[in-house]
Amino acid sequence: MSFGEVYRLSRLLARKIKASGYQPDLIVAIGRGGYVPGRLVCDFLLFNDLTSMKVEHYMRGADMQEKARIKFPISVDISGKKVLIVDDVTDTGETLKLSVDYVQSLSSAEIRTAVLQHKTCSSFTPDFYGQKVIRWRWIIYPWARYEDLAGFAEKILGDRILDLSRIIAEFKKRYDIAIGEKEILEILADLAERKELERVETDNLVGWRVRKK
């Protein structure tokens, strides 16, 4: 996804919300994926009151925790307020389910949910969405590209030592992602700095591998 596509879908989403007649007192963006869509929806609605909550489910490189959990709760009193919860995508639906239950527990008056993209495989259907995604695929948003590519790089390496050209080829083969040498080298270097990968030099190979813990 490009920022231009995100902008277009956010505008469409805001129009749908406005056309429905729903007028929230507060918009809650689910962190981290909902931060940018939440702000853009506010912009298109000419709406000021935006806050957030942090829910963890998917981690780097499409790895999913066993259960969604609220890490940072809402920090303001929302009792009696009409709330619009905004996220980037519904995948399993667990994040929005948990978020709605949590917001209900805070004595809110009414809740609606909105996402940029709704995957039909989700167990939760939001009230508003910009686009329906029928065939499941992992969506890389511009605010998560670097992180996702880092996770995919670790998956590609697995328990192997691979050189740069092989890593680039595997990105294309496995994920249909064309990645340049400069970008992947920066990612590999950052992962090495975090002690997650290490650079290996032998007589025949300069490669990378996942650091053994």
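This briefing covers the overall build of the chain, its helix packing, its strands and a few individual residues. The model is predicted. The protein chain holds 6 helices and 9 strands. Its C-alpha trace spans about 70 × 30 × 30 Å along the principal axes.

**Overall build**

- Of the 213 residues in the protein chain, 44% are buried.
- The accessible surface of the protein chain is about 11,700 Å². Carbon and sulfur atoms account for 48% of that surface.
- Consider the contacts between residues at least 6 apart in sequence: 62% of them join residues at least 24 apart.

**Helix α4 against α5**

- Helix α4 covers residues 145-157, and helix α5 covers residues 164-175.
- The two pack at an angle of about 100 degrees, with axes 10 Å apart.
- An angle from 65 to 115 degrees counts as roughly perpendicular, so α4 and α5 are roughly perpendicular to each other.
- On the α4 side, the contact uses Leu149, Phe152, Ala153, Lys155, Ile156 and Leu157.
- On the α5 side, the contact uses Ile167, Glu170, Phe171, Arg174 and Tyr175.
- By class, the contact of α4 with α5 has 8 nonpolar, no polar and 3 charged residues.

**Helix α4 against α6**

- The axes of α4 and α6 come within 10 Å and cross at roughly 75 degrees.
- Helix α4 is therefore roughly perpendicular to α6.
- Helix α4 contributes Arg145, Tyr146, Leu149, Ala150, Ala153 and Glu154 to this contact.
- Helix α6 contributes Glu183, Ile184, Glu186, Ile187, Leu188, Asp190 and Leu191.
- The contact of α4 with α6 divides into 8 nonpolar, no polar and 5 charged residues.

- Strand β9 (residues 206-210) runs antiparallel to β7, and 2 bridges join them.
- Leu162 stands opposite Trp208 in β9.

**Strands β4 and β5**

- Strand β5 (residues 110-119) has 8 of its 10 residues buried, so β5 is largely enclosed by the rest of the structure.
- Strand β4 (residues 82-90) pairs with β5 in the parallel sense, over 8 bridges.
- Val83 has Ile111 in β5 as its bridge partner.

**Helix α2 and Tyr35**

- Helix α2 takes in residues 35-45. Its buried residues include Pro37, Gly38, Leu40, Val41 and Cys42.
- Tyr35 also belongs to α2. At 36% relative accessibility, Tyr35 counts as partly exposed.
- Leaving aside neighbours within four places in sequence, Tyr35 is in contact with Ala29, Ile30, Ser52 and Lys54.
- Tyr35 and Trp143 are 108 residues apart in sequence, yet their C-alpha atoms are 9.5 Å apart.
- Just after α2, Leu46 takes a positive phi of about 55 degrees.

**Backbone features in loops**

- The peptide bond from Gly31 to Arg32 is cis, with omega near 10 degrees. Arg32 sits in the loop between β1 (26-31) and α2.
- Ser107 has a positive phi of about 65 degrees although it is not a glycine. Ser107 lies in the loop between α3 (94-105) and β5. Its relative accessibility of 48% makes Ser107 partly exposed.
- Lys195 has a phi near 65 degrees, again a positive value in a residue other than glycine. Lys195 lies in the loop between α6 and β8. With 54% relative accessibility, Lys195 counts as exposed.

Note on methods. Residues are numbered from 1 along each chain as its sequence is written. This is a predicted model: local features need pLDDT of at least 70, side-chain atom pairs count only at pLDDT 80 or more; totals for chains, interfaces and linings use all residues. Side-chain values use heavy atoms; hydrogens and water are left out. Axes are lines fitted to C-alpha atoms, for helices over the stretch in contact, and angles run from 0 to 180 degrees between N-to-C directions. Helices (H or I, at least four residues) and strands (E, at least two) are DSSP runs, numbered from the N terminus. Angles under 35 degrees count as roughly parallel, over 145 as roughly antiparallel, 65 to 115 as roughly perpendicular and the rest as oblique. Contact means heavy atoms within 4.5 Å. Ala, Val, Leu, Ile, Met, Phe, Trp, Tyr, Cys and Pro count as nonpolar, Asp, Glu, Lys and Arg as charged, and the others, Gly among them, as polar. Buried means under 20% relative accessible area, exposed over 50%, partly exposed in between (1.4 Å probe, protein chains only). Accessible areas come from the Shrake-Rupley method with a 1.4 Å probe; for residues, only the protein chains shown count as cover. Two strands pair if DSSP finds at least two bridges between them.
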